[in-house]
Amino acid sequence: MAVENGEWVMHGLDWDNPYRIRSYQELINWIDEVGFLPLFRNEIEGFSAEEHTSPRFWWTGDREQDPWEWREIIARTGTVTYGKFFNKKAGFISKKWFPYFANYRRQGYDFDSRWEDELASIRCKKIMDQFEQNKELYSFELKKAAGFGKNGEKNFEGVVTELQMQTYLIQRDFRRKVNKRGEEYGWPVSVYSTPESLWGYDMVSAAYKEEPEESKERILRQFQQHFPKAARKDMLKVLG
């Protein structure tokens with residue numbers, strides 16, 4: 001996705017291209033094959049969902065064809081994770097590769113240990129505390145419960161993005177708000193959770209036995225296997 005001549009332009013494949021991804025399940029299959037994938041175009045050519053789908057149906061609301069809708073469906077399936085994992089931008093990580101991202105990004109720290117070693121901010125702590133009693137929370141619920149907003153803590157979106165980059169939080173679903181009559185209204189909003197709530201602590205921490213730098217290099221080798229022309233500096237930039 002880029003701005004060209006003052007307009008947003010999507011870069012993808014022609015509708016009749018045999019390599020075009022045609023469904024959310026095909027996208028899941030490709031994420032599982034590659035291991036991890038940003039949603040939008042970036043410094044590495046071909047390394048995005050955008051470049052392998054058709055530009056025709058983005059933001060149309062057609063759940064059969066719209067990749068923006070697919071991200072909601074994929075997050076809901078729980079077969080791969082979705083969140084702001086790539087240089088603070090959205091994308092997917094497969095179940096197989098998430099433990100390596102967790103080990104690399106967390107640098108061997110569960111969040112409680114990070115807090116105890118004074119490596120986490122009080123704003124991060126206030127957010128993570130909410131998941132001690134809740135498996136998942138709407139973004140607006142989390143913001144209020146953690147004390148963000150008017151006369152409270154600032155930069156909620158930035159802090160939540162930081163926690164996603166560190167793999168402590170994921171976007172588990174997208175749901176519309178429900179009024180007192182039980183009726184849905186408005187646009188779907190993010191529902192946050194921890195990856196441990198989705199897949200369990202043992203799975204998420206499965207790569208803790210190796211050094212974080214080893215997990216990083218493992219991820220870069222996977223990058224190079226699928227995108228051999230990508231420069232290391234660009235891979236590191238996309239990873240953030």
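Select Ser48 to begin: leaving aside residues up to four places away in sequence, Ser48 touches Trp30, Leu37, Pro38, Leu39, Phe40, Arg41 and Asn42, where contact means heavy atoms within 4.5 Å. The model is predicted, so that local features need pLDDT of at least 70 and side-chain atom pairs count only at pLDDT 80 or more, while totals for chains, interfaces and linings use all residues. Residues are numbered from 1 along each chain as its sequence is written, and side-chain values use heavy atoms, with hydrogens and water left out.

Ser48 is buried at 0% relative accessibility (buried is under 20% relative accessible area, exposed over 50%, partly exposed in between, with a 1.4 Å probe and protein chains only).

Next, select Phe36 and Phe101, one of 23 aromatic pairs in the whole structure (ring centres of Phe, Tyr or Trp, the latter by its six-membered ring, within 6.5 Å; planes under 30 degrees apart are stacked, over 60 edge-to-face, the rest tilted). Their centres lie 5.0 Å apart with the planes at 65 degrees, so the pair is edge-to-face. Phe36 is buried at a relative accessible area of 1%, and Phe101 is buried at 0%.

Now extend the selection to Phe47, Phe86, Trp97, Tyr100, Phe223 and Phe227, which ring pairs link with Phe36 and Phe101 into a cluster.

Finish with two charges over rings (NZ of Lys or CZ of Arg within 6 Å of the ring centre and within 35 degrees of the ring normal): Arg71 lies over the face of Trp68, 3.6 Å from the ring centre, and the charged end of Lys177 sits over the ring of Phe140, at 4.7 Å from its centre.
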